[in-house]
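Let's talk through how to read aromatic rings and a charged side chain in a model. Have a look at it first.

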Amino acid sequence: MADKYPTIELIGVVLEQTNSGQYVPKEATLSIADFHSWRIGKHTKGKLAQPGQIFLTENNQLVGLVATKPLAFKNRHEITPMGRFLKEKLDPTLTEQLIQQWQALV
């Protein structure tokens, strides 16, 4: 099918920016409910890199990428598409903490 495009599930945490410009999770204590799923869509801008990358949702929320999962093209409508990838990245220490918290919860 010529219309197919790569689909990947993105697991991430909603972020906010502090007054000093650092990105931190919006919730101080994270539970499984704070790790949300988005997917790459047909009109996604930018390129997927690695955990710690920041992306925008279609509602302009900042999200820190924690993990990725394969996603079958036929199942793509079950997950909300994201907007675009940014060049900004999370602090490597924070990225590692988020990955460890995610792995402990799943």
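**Rings and an arginine**

Ring pairs link W38, F55 and F85 into a cluster.

Q: Before we start, what sort of model is this?
A: This is a predicted model, where local features need pLDDT of at least 70, side-chain atom pairs count only at pLDDT 80 or more, and totals for chains, interfaces and linings use all residues. Residues are numbered from 1 along each chain as its sequence is written, and side-chain values use heavy atoms, with hydrogens and water left out.

Q: How is a pair of aromatic rings described?
A: By the distance of the centres and the angle of the planes. Rings of Phe, Tyr and Trp (its six-membered ring) pair if their centres lie within 6.5 Å; planes under 30 degrees apart are stacked, over 60 edge-to-face, and the rest tilted. The count here comes to four aromatic pairs. One of them, F35 with W102, is tilted, at 5.3 Å centre to centre and 45 degrees between the planes.

Q: What does the pair of F35 and W102 tie together?
A: F35 lies in strand β3 and W102 in helix α1 (residues 92–105), so the pair ties together parts that are 67 residues apart in sequence. Helices (H or I, at least four residues) and strands (E, at least two) are DSSP runs, numbered from the N terminus.

Q: And where does the charged end of R76 sit?
A: A charge sits over a ring if NZ of Lys or CZ of Arg is within 6 Å of the ring centre and within 35 degrees of the ring normal. For R76, that ring belongs to F73, with the charged end 3.8 Å from its centre.

Q: Which strand holds R39?
A: R39 is found in strand β3 (residues 35–39).
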